[in-house]
Amino acid sequence: MKTKLQKFKESYFLYAFRRDKVAMASFIALVIFVLLAITAPWISPMNPYDSHNIDLMNSEIPPMWMEGGSPEFILGTDNMGRDMLSTMFYGLRTSIIIGIGAVSLQAFIGIVLGLSAGYLGGKIDAILMRIADIQFSFPYLMVAIFIGAVFQLIFGVGSYERLAIPLLTLIIGLSNWPMFARTIRASVMGEKNKEYVEAARVIGLPRFTIMFRHVLPNSLTSVMVIFTIQVASAIQSEAALSFLGLGMPVTRPSLGSLIRAGQEFIFSGSWWITIFPGLWLVIFVLVINLLGDWLRDVLNPKLYKG
Amino acid sequence: MFAFIIRRILQAIVVMMVISLVGFSIKSKIGDPVRDLVGERVTPEERAQIADKMGLNDPFLIQYTRFVKQALKGDLGRSFIYNKPALEVIVRHAPATIELLIGTALIIIFVSLPLGIQSALQPRSILSRFTMSFSTLGVSMPVFLTAILLIYLFAVNLQILPSYGRGETVDLFGNGYWKTGFLTHDGRLHLILPCLSLSSIMLPLFIRLIRSEMMEVLETEYIKYAWAKGLSPARIWMVHAFKNTLLPVITVFGVQMGITFAFTILTELVFQWQGMGFIFLEAVERSDISLLIAYLVVVAGVFVLVNTVVDIIYGFINPTIRIAGTR
């Protein structure tokens with residue numbers, strides 16, 4: 001009997017990973033990004049959430065290699081005198097928390113509804129998939145922006161900003177679940193007529209057990225494939241919402257709200273306030289996308305085109 | 001076919017009913033129609049009187065029915081920040097957004113077609129490799145960052161293009177509704193940067209789509225037959241292969257323009273472009289609920305209408321859709 005580790009070592013998955021330099025590089029970059037986000041409170045030069053550390057006298061200092069820069073602030077400071085590098089670490093942390101939280105919610109809703117639709121079929125399938133189709137016919141960013149706007153009006157700007165992380169998770173989670181529902185339904189439809197499901201039915205297992213214990217684990221590959229790419233798009237949605245002022249407040253910034261805050265200073269020549277968080281976000285999303293594309297090619301080459 | 005059309009239209013009506021119900025619930029929960037009408041300088045007694053006269057104390061369903069009836073007549077409430085009917089505000093700002101979309105569509109068509117075809121015909125050339133890696137980067141770039149970078153480069157550093165606003169516009173029909181920027185030099189200059197940044201989201205996708213569709217078509221039997229027949233390469237590529245590439249591309253184009261519409265909100269914010277997205281953000285910021293709900297109803301209505309029409313056209317082209325009923 002081989003252990004799981006041995007099995008993994010001999011798998012095609014690892015073989016393909018080792019042969020692909022782009023995948024390896026993006027995986028390493030992703031690990032670094034996640035480590036930076038987790039350890040942000042310890043490695044950041046200062047805590048940007050703590051107003052004691054912030055000195056307005058230090059505002060708009062350029063990066064240290066430029067004229068007027070200081071070695072204390074490697075990438076310079078923003079308009080409120082916060083160290084850019086620290087706000088970028090903290091912003092990354094917020095973006096990752098919201099991204100993963102929102103996609104987990106999308107996956108949960110999508111799996112429950114898609115599994116029920118695919119396995120139970122009939123009327124339930126027709127109704128659930130019609131709802132998914134209808135939501136799919138509106139762009140998800142539009143849906144997210146609108147839910148965000150309504151939430152902000154209901155809660156008021158103050159409480160919205162306090163509850164921003166859970167609310168953004170909810171908004172992005174609700175706006176893009178049909179993708180998961182459709183994917184899981186398609187693979188459940190393929191699984192449910194196989195012999196092991198037939199066998200489980202013959203020995204009299206309850207429907208619920210068959211659905212979640214037998215069919216679901218065998219349909220999860222397709223979810224894994226889209227999970228990665230969905231995280232990238234959730235992080236982009238979060239950045240977009242924050243940029244519109246419907247997301248994280250400037251006092252607890254995500255990457256999107258950092259770009260929003262720095263936007264006006266680009267005219268006065270303080271480009272680093274916007275460009276650094278922007279590039280940071282682009283590289284991070286790019287890394288996830290590259291990894292997601294690779295995962296799709298390896299796990300399921302025929303899943304979908306484009 | 002007739003049953004399919006009826007079913008599709010019924011579905012559209014149900015969706016619009018649900019959306020208007022959601023919109024109305026939000027409006028009746030947090031909106032303030034008295035303020036929308038008379039402003040904030042009235043005594044509480046007067047307010048109560050006006051509220052009673054406007055029927056704001058009626059049961060929910062009666063108020064909802066009234067809302068739908070008025071909406072069907074084109075009355076979607078009053079925007080208090082503009083002090084005008086909300087629908088009129090939206091209609092006046094729509095042309096700016098539509099022109100943004102037209103400009104974007106033009107850029108996408110004229111850039112993605114040649115680049116996509118080129119990278120399908122010569123997948124190993126330097127230009128196609130450059131295009132492909134650039135398009136991977138483009139997918140990961142948020143549209144507002146592209147916009148900011150373009151402003152920084154062309155407006156702040158090089159100072160050759162304007163950074164915000166619509167510039168000089170011309171009244172198209174003489175009634176003040178459609179002010180176009182396409183007819184003046186200044187207006188066209190103002191269109192360049194917003195359209196470029198909007199098209200940057202969709203360009204990578206289209207180049208890839210055209211490339212993969214074209215490569216697939218080039219592998220088919222009838223193309224091989226055309227080569228065997230001795231037709232000229234230009235004729236095979238442009239007439240035989242390209243024509244069959246186009247159908248799926250046009251289908252996706254329609255869907256993607258809808259998605260691009262969502263991104264106009266971001267672009268309009270960066271460029272201070274006085275379009276629909278801009279007034280939507282203004283409505284959110286100053287809690288103009290009537291304008292917000294009117295925006296929801298109008299935008300949802302346009303999407304539902306377009307989707308329904310497209311589905312019905314598909315029904316004519318592809319009979320399997322209308323027989324199955326579901327996609």
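## Helix packing and the chain contact

In this predicted model, helix α7(A) passes α8(A) in a right-handed crossing. The axes of helix α7 (residues 140-162) of chain A and helix α8 (residues 164-175) of chain A come within 9 Å, crossing at roughly 160 degrees; because angles over 145 degrees count as roughly antiparallel, α7(A) and α8(A) are therefore roughly antiparallel to each other. On the side of α7(A), the residues in contact include Y140(A), V143(A), A144(A), I147(A) and F151(A), while the residues that α8(A) brings to the contact include L167(A), I171(A), I172(A) and L174(A). Sorted by class, this contact of α7(A) with α8(A) has 11 nonpolar, 2 polar and 1 charged residues.

Between the chains, the contact takes 35 residues from chain B and 35 residues from chain A. Several elements of chain B give two or more residues to the side that touches chain A, among them α1 (2-30), α8 (185-218) and α12 (289-317) of chain B, but the largest share of that side, 8 residues, comes from α10(B). By class, the side of chain B that touches chain A has 27 nonpolar, 6 polar and 2 charged residues.

As for confidence, the mean pLDDT of chain A is 83, with 92% of its residues reaching 70 or more.

How values were computed: Residues are numbered from 1 along each chain as its sequence is written. Chains are lettered from A and ligands numbered from 1 in the order in which they are written. This is a predicted model: local features need pLDDT of at least 70, side-chain atom pairs count only at pLDDT 80 or more; totals for chains, interfaces and linings use all residues. Axes are lines fitted to C-alpha atoms, for helices over the stretch in contact, and angles run from 0 to 180 degrees between N-to-C directions. Helices (H or I, at least four residues) and strands (E, at least two) are DSSP runs, numbered from the N terminus. Angles under 35 degrees count as roughly parallel, over 145 as roughly antiparallel, 65 to 115 as roughly perpendicular and the rest as oblique. A crossing is left-handed if the near helix is turned anticlockwise from the far one by less than a right angle, and right-handed if clockwise. Two residues are in contact if their C-beta atoms, placed from the backbone, lie within 7 Å. Ala, Val, Leu, Ile, Met, Phe, Trp, Tyr, Cys and Pro count as nonpolar, Asp, Glu, Lys and Arg as charged, and the others, Gly among them, as polar. pLDDT is the predictor's confidence in each residue, from 0 to 100.
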